[in-house]
Amino acid sequence: MARAWLALGANIGRPRAQLKEALRRLDAHPDIHIIKKSTIIETDPWGKTDQNPFLNMAIEIETSLGPEGLLDAGLMIEEAMGRKRDEKWGPRLIDIDVIAYGRKVIQTERLSIPHPYAHERSFVTDPLEEIEPAIVEWLREHAAKSQS
């Protein structure tokens with residue numbers, strides 16, 4: 001089983017209820033088990049700032065899925081919950097991002113791990129810091145190496 005860290009967010013509909021439903025669906029997946037979850041925090045929008053604040057959180061999971069299988073599981077849950085991808089950085093009913101998968105570095109057309117902006121976004125790093133500070137440190141170290 002691999003360890004992975006996911007960031008979840010929502011800012012339309014009933015964000016707190018949607019985060020809880022996403023957690024329920026992730027944990028109900030036969031190949032995903034939630035180990036730790038952060039508290040839910042409210043954050044200002046990033047990228048496109050003329051929208052409602054977000055509720056965000058992070059989770060640590062164990063999974064038998066590979067990185068792209070985990071991405072697919074998250075995308076399927078988003079779709080089943082009604083997520084529409086109409087606008088980059090736009091309002092979201094639910095967002096599930098794979099932030100890190102172990103300490104693997106993966107770059108494919110579909111997936112970049114670690115998530116390329118994770119180290120810059122407090123709505124990712126603050127909840128992650130609460131559950132696994134070493135991963136936040138790794139994200140920052142990886143970003144620093146990539147920029148040099």
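Which backbone nitrogen does the side chain of Glu 78 reach? I looked this up in a predicted model, where local features need pLDDT of at least 70, side-chain atom pairs count only at pLDDT 80 or more, and totals for chains, interfaces and linings use all residues. Residues are numbered from 1 along each chain as its sequence is written, and side-chain values use heavy atoms, with hydrogens and water left out.

**Glu 78.** I found the side chain at 2.6 Å from the backbone nitrogen of Ile 96. Glu 78 sits in helix α2. Buried means under 20% (1.4 Å probe, protein chains only).

**Core.** I then looked at the largest nonpolar core, which has 27 residues. Such a core is a set of buried Ala, Val, Leu, Ile, Met, Phe, Trp, Tyr and Cys residues joined through side-chain atoms within 4.5 Å. Ile 96 is among those with the most contacts inside it, and so is Leu 26. I listed the partners of Leu 26, leaving out residues up to four places away in sequence; they include Leu 6, Leu 8, Ile 59 and Ile 96. Contact means heavy atoms within 4.5 Å. Another core, of 14 residues, lies apart, with Phe 123 and Ile 131 among them.

**Whole chain.** I noted four helices and seven strands. These are DSSP runs: helices are H or I of at least four residues, strands E of at least two, numbered from the N terminus. Buried residues make up 47% of the 148 residues. The C-alpha atoms fill a box of roughly 40 × 35 × 30 Å along the principal axes.

Terms used: Buried < 20%, exposed > 50% of the residue type's maximum accessible area, 1.4 Å probe, protein only. Polar contact = N/O pair within 3.5 Å; in protein donor to acceptor, adjacent residues only side chain to side chain.
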